[in-house]
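These are my notebook entries on what I looked up in this structure, kept in the order in which I went through it.

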Amino acid sequence: MAQVAEQAQKYVGGGILRKEDPELLNGAARFIDDMSIPGMLWVSFVRSPFAHATINSVDTSRAASMPGVKGVYSGTDLADEWADGLPCAWPVTEDIKAPKHWPIAKDKARFAGDAVAVVVAETRAQAVDAAETVDVDYEPLDVVVDMEAALQDGATKVHDEFENNSSYVWNLDVGEVDQVFNDAAVVVKERYYHPRLIPNAIEPRGVICQPNPAQGEYTLYSATQIPHILKVTLALTLGLPEQKLRVVAPEVGGGFGSKLNVYAEEATCLALGRKLGVPLKWIETRSEGYLATTHGRDVIQDMEVAADENGKIVGFRANLLADMGAYLQLVTPGIPILGAFLYHGVYDCQAYSFTCTGVFTNKTPTDAYRGAGRPEATYAVERIMDALARRVRKDPVELRRLNFLEPFDEAREVITGLSFDSGNYGAALDKALDMFGYDELRAEQQRRRDAGDDKLLGIGVSTYIEMCGLAPSQVLASLRYVAGGWEAATIRCHPTGKVTVITGTSPHGQGHVTAWSQIVADELGVDFEDIEVLHGDTAISPLGMDSYGSRSLSVGGVALHYAAEKVITKARTIAAHELEVSEEDLEYSSGTFSVKGAPDKSKTIPEVAFSAWTAHNLPEGTEPGLEETHVFDPPNFTFPSGTHLCAIEVDTETGMTNILKYVAVDDCGTAINPIIIEGQVHGGIAQGIAEAMYEEAVYDENGVLMTSSMSNYRVPSAAELPTFETDRVETPSTTNPLGVKGIGEAGTIASPPAVVNATIDALLPLGIDHIDMPVSPERVWAAIRNASGSSVDARGTDATAAGSGVGSADTPGGEA
């Protein structure tokens, strides 16, 4: 590593414009729906309108007779196509209840949108028209959509083969939890609901299957985040020889976790391609996606914190109900567990308890959505911190400082057994407060309160931490995750001086091509524009674990670093041989080997690559060519952190909330490209604000999705969002030599509690100390009208220390 550290940093750390953008902006990029194959047929799915119903029969005769129709198939018709059901790769407990999930339902529909038949036709319109004529005889059954109701004795069962609707119970206890809480001077308990969210990637899902019947080979093009994982799991689902299946993720228009899955549509298109021997295409409609693409969140949190009379925390306790929906998708059960170790945030404590119950309901399955378990943890922790601050009458910033883990440069173990890689939480907080003008805003807040202003000001704080770089593989094994956490990278140095990088990560908007080029350009001393990055095709990049969980840079980028080191090591051997010196006599800097004391005697990486290609004068035992691969399995996770501050104005007459100022200071370790970082933070904050203020998927008692389109599922545009002020602090990660941590999910993790805390802070003078997301004008207005009118002091502190229903606090240990 020392040989790389000596070289000048020419590209890494610079705000270089993204290589990917010109094609994306000028329309030259090819997405799934831009692709067409000669002889291609179209696929359309028949979906259940009922959330729970027995399928008595499926009459396909009318649809089969319609123009252009080449086939109509029910779940029973395709039953022999499957070697197994759709995969769940994370059975989090040994006794988990994991039902078979067939791509096309055979006996029952278990959520509205469940596929019950499929049509193949010459055109998309013909397939859609025919699908509407398939006659399914449904027998509607009782529906369960509420998690708590689903766990009651006698509740309607989503899966008859199980005794109840509990999929699993996962628990982690550390320390003398009950004793710590019983002995604590102050205990605060609140209940939070993290609403169900519908991903809205700019590109809907889509699939093309191109079979080669003569060779028994298949190419599947999919708008997916996980081409490598998809290849392995589809081979298992359909009983295909894996070497006969190629998966390609072309340009992918966003994912946010919703494309981190193995979907029924992918498996069905592949099965039909094998059955019919012709190319097939399916493109999801936006309304179809609201029903059939996985949802996110939907978690009830009973959160408790125990502290002394000054607010020094001694324990955290969290009890969750997590809605799985009707089936377990690829990593559905594991999503809450990704946050299970973080319900203490950046704060020290003596005891810790986390319990999660996964619950089946007659709703669309949930799975990863940007942040995946970490936003839920951060929300609960940061909400309870504000509640504790109110209880002990401290400023929320002061309380956080009191409980921060001390700054550390080397990995340190925390209460849950994790080893945080590095952190200085006070540094990010200090910078954010300075940018925010905290004291001035507090003074303005008090002025408005004293004046009886109808527009109240609230200030929200969120000091978060997240766990990224999903790895190492042995730790994942201990958590019962069936795959590994490694990542692969190959560097191929061409004789002409150009370089090809092959990565196992699969970008869908993150800027990997640019960032990977920066890393390689610096390490090998080649021009940034001379590097091509290939990805997303299992025939070109056979090794990979793909992109999710902010792992791409901290695992895939580090694999690239190690591959570059291997290139340099081999190049050093060849250069020393050609320069007739020992390897120890060579210095390496910025892609050039020079002889110590004789800098005129030198060889560049491109020159060595040409020599390695000709192989005319290689050292004995050295293979021709300059190409190296490295597979990196990290020794630890990475832990980005930071502080987000939000100032909100609430109009008490209308309930309208308006963000006046938003500041984010993040620590993602060493910065590779500040422009990409800023873009990721901006996008993440936008999604987090959407979650906090606008978005919520709502079902009626019959399991019908009421928010089934953008007309009633509110997705904010740029016009509804404030200007973000962002900055960074850097504590390099000790997990990897690049010092990187990850940034893709930070904004979405940190922003919801900042926004909600600010809203509650504004409403405190009205006796309101709790409101659930989204804090929409309707919900805020209703809370104001229904306010209890408890006694409130000038700072908005609830002088009675009494809660308001949900979100209430109790102090079994007594409050000083």
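I began with the secondary structure, where helices (H or I, at least four residues) and strands (E, at least two) are DSSP runs, numbered from the N terminus. The model I am reading is predicted.

**Entry: Thr133.** On that numbering I placed Thr133 in the loop between helix 4 (124–131) and strand 6 (135–140).

**Entry: Phe639.** I then turned to the loop between strand 25 (626–632) and strand 26 (641–651), which holds Phe639. Phe639 has 0% relative accessibility and so counts as buried. Beyond its neighbours within four places in sequence, I listed its contacts, among them Leu418, Phe420, Ile465, Met467 and Lys741. I also checked Leu388, which is 251 residues from Phe639 along the chain, and the two C-alpha atoms are separated by 25 Å.

**Entry: helix 11.** Which residues of helix 11 are buried? For this helix, residues 396–403, I noted Pro396, Val397, Leu399, Arg400 and Asn403. Viewed down the helix axis, these buried residues fall within an arc of 160°, so they line one face of helix 11. Their packing partners are strand 14 (313–325), helix 10 (374–392), helix 12 (425–436), helix 13 (438–451), strand 18 (455–465) and helix 19 (746–763). At the start of helix 11, I found a side-chain oxygen of Asp395 within 2.8 Å of the backbone nitrogen of Val397.

**Entry: salt bridges.** How many salt bridges does a search of the whole structure find? The search finds 45, and I followed up a few of them. Arg18 and Asp21 meet through their side chains at 2.8 Å, N to O; Arg18 is buried, with a relative accessible area of 19%, whereas Asp21 is partly exposed at 25%. Glu288 and Arg47 form another salt bridge, with the closest N and O atoms 2.9 Å apart, and this pair links distant parts of the chain, Glu288 being in helix 9 (residues 286–292) and Arg47 in strand 1 (residues 41–47), 241 residues apart. Both Glu288 and Arg47 are buried, and they belong to a network of salt bridges that links Arg47, Arg205, Glu265, Glu284 and Glu288. I also looked up Glu691 and Arg297, whose side chains meet in a salt bridge at 3.3 Å, N to O. Glu691 lies in helix 18 and Arg297 in strand 13 (residues 296–307), so this pair ties together parts that are 394 residues apart in sequence; both residues are buried.

**Entry: backbone geometry.** Most residues other than glycine have a negative phi, and most peptide bonds are trans, so I noted the exceptions that I came across. Glu580, in the loop between helix 16 (552–579) and strand 22 (586–589), has a positive phi near 60° and counts as exposed at 73% relative accessibility. Ala615, in the loop between helix 17 (605–614) and strand 25, also has a positive phi, of about 60°, and is partly exposed at 32%. The peptide bond from Met773 to Pro774 is cis, with omega near -10°, and Pro774 lies in the loop between helix 19 and helix 20 (777–785).

Definitions and conventions:
Residues are numbered from 1 along each chain as its sequence is written. This is a predicted model: local features need pLDDT of at least 70, side-chain atom pairs count only at pLDDT 80 or more; totals for chains, interfaces and linings use all residues. Side-chain values use heavy atoms; hydrogens and water are left out. Buried means under 20% relative accessible area, exposed over 50%, partly exposed in between (1.4 Å probe, protein chains only). The arc is that of the directions from the helix axis to the C-beta atoms. Contact means heavy atoms within 4.5 Å. A polar contact is a pair of N or O atoms within 3.5 Å; within protein, one must be able to donate a hydrogen and the other to accept it, and residues adjacent in sequence count only if both atoms are side-chain atoms. A salt bridge is a side-chain nitrogen of Lys or Arg within 4 Å of a carboxyl oxygen of Asp or Glu.
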